[in-house]
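Here is a short note for someone opening this structure for the first time. Please keep the sequence and the 3D view side by side while reading.

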Amino acid sequence: MPEPALGIIGGSGLYELEGLEEVRWVRVRTPFGDPSDAYCVGRFAGRRVVFLPRHGRGHRLMPSELNFRANIWGLKKLGAEWVVSVSAVGSMREELRPLDMVVPDQFFDATKRRVSTFFGAGIVGHVGMAEPICPDLAARLHDAAVAAGARVHRGGTYLCIEGPQFSSKAESRIYRSWGVDVIGMTNMPEVKLAREAELCYATLALVTDYDVWHETEAVVNVEAVIANLLKGVATAREVLRRLIPAVSHPRSCSCPSLLKDAVITARGAFPPRTRRALDLLIGKYFPAGGRDRARPRPRGPGRAGQDRRRRG
Ligand SMILES: [Zn+2]
């Protein structure tokens, strides 16, 4: 097992983390294809850090093109236990001003065409999403943002849309009537998958604009977003510098056992190939060598006979 690490997913504007020591860029192969880029693995303040630029270096991938499963899988494989998602957002409330930061505690998934689970292919799991954010990590992230001098808001609902277009005014008005606080394009299904991977997840949302609902502010456009993003990312780097030394192992939250009772499929019905593919996630609950369906039984005609009966 690799040493526990803090995973950081850098959103728009955050493609590298300066100041890490012993830096290596590591490519990870996953059962779900390729992550957005290689992972930058290094150390900071004595802690192991694994950083992934969500859109790839050079910002080559749009939100709908992200391989969220591969990204989270790679973090898990490299030993990440905590994941901080740094994400640019639009504000849906007057008091969340551009250049403010938000640590949301709820999400609303309005995406339309993304694969949002590691399960399937014969193994079914249902992970709770009532409280999707790790309260411990969110508290430390909030404290780090305060210490970095940011104007930061604790809690709130992040609405995730498919994009890549920004909202129409009608959409923005309707979203506001739903009571959401910020709008973005990337945290879903990222947070769902982080839960399935039993990772502590929290988002540092950087407010860049007022979406398009505001009567007096200019409507959102890429140029304005980027100008505010550069300032927000500079502050985010300060927040991360304070957060990294503040995470501590072992974790005392409930995140490390989220899958304990989540798998509903009977062990005897697991397709062996799927169990093997998901070993990184479910292996601790269903170790190899258990009674998977059609598991090869190398010795004895009697056992082979049992296998045939089970399949029939
Ligand atoms: Zn946690």
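**Notes on the model**

Pro164 sits in the loop between strand S9 (157–161) and helix H3 (169–177). Keep in mind that this is a predicted model.

1. **Pro164.** The peptide bond from Gly163 to Pro164 is cis, and its omega is near 0°.

2. **Pro250.** A cis peptide bond also runs from His249 to Pro250, with omega near 0°. Look for Pro250 in the loop between H5 and helix H6 (272–277).

3. **Length of H5.** Helix H5 covers residues 222–243, which makes 22 residues.

4. **Buried side of H5.** Which residues of H5 are buried? They are Leu229, Gly232, Thr235, Ala236, Val239, Leu240 and Leu243. The strands are S1 (5–10), S5 (80–91) and S11 (200–209). The helix is H2 (135–147).

5. **The core.** The largest nonpolar core has 83 residues. Val83, Val84, Leu141, Leu199 and Leu204 have the most contacts inside it. This core draws at least three residues from domain 1 (5–256) and at least three from domain 2 (266–311). In soluble globular proteins, nonpolar side chains tend to be buried together.

6. **Val84 close up.** Val84 is one of the residues with the most contacts in that core. What does Val84 touch, once neighbours within four places in sequence are left aside? Its contacts are Leu6, Ile8, Leu141, Ala202, Leu204 and Leu243. Leu243 is among the buried residues of H5.

7. **Glu22.** This residue is not a glycine, yet its phi is positive, at about 55°. Glu22 lies in strand S2, residues 21–26. Is Glu22 buried or exposed? Glu22 has 9, so it is exposed.

8. **Ala121.** Here too phi is positive, about 55°, and the residue is not a glycine. Ala121 is in the loop between strand S7 (106–110) and H2. Ala121 has 13 other C-beta atoms within 10 Å, so it is partly exposed.

Notes:
Residues are numbered from 1 along each chain as its sequence is written. This is a predicted model: local features need pLDDT of at least 70, side-chain atom pairs count only at pLDDT 80 or more; totals for chains, interfaces and linings use all residues. Helices (H or I, at least four residues) and strands (E, at least two) are DSSP runs, numbered from the N terminus. The expected span of a helix is 1.5 Å times one less than its number of residues. A residue is buried if 20 or more other C-beta atoms lie within 10 Å of its own, exposed if 12 or fewer, and partly exposed in between; C-beta atoms are placed from the backbone. Two residues are in contact if their C-beta atoms, placed from the backbone, lie within 7 Å. A nonpolar core is a set of buried Ala, Val, Leu, Ile, Met, Phe, Trp, Tyr and Cys residues joined through C-beta atoms within 7 Å. Domain bounds come from an automatic or database domain assignment.
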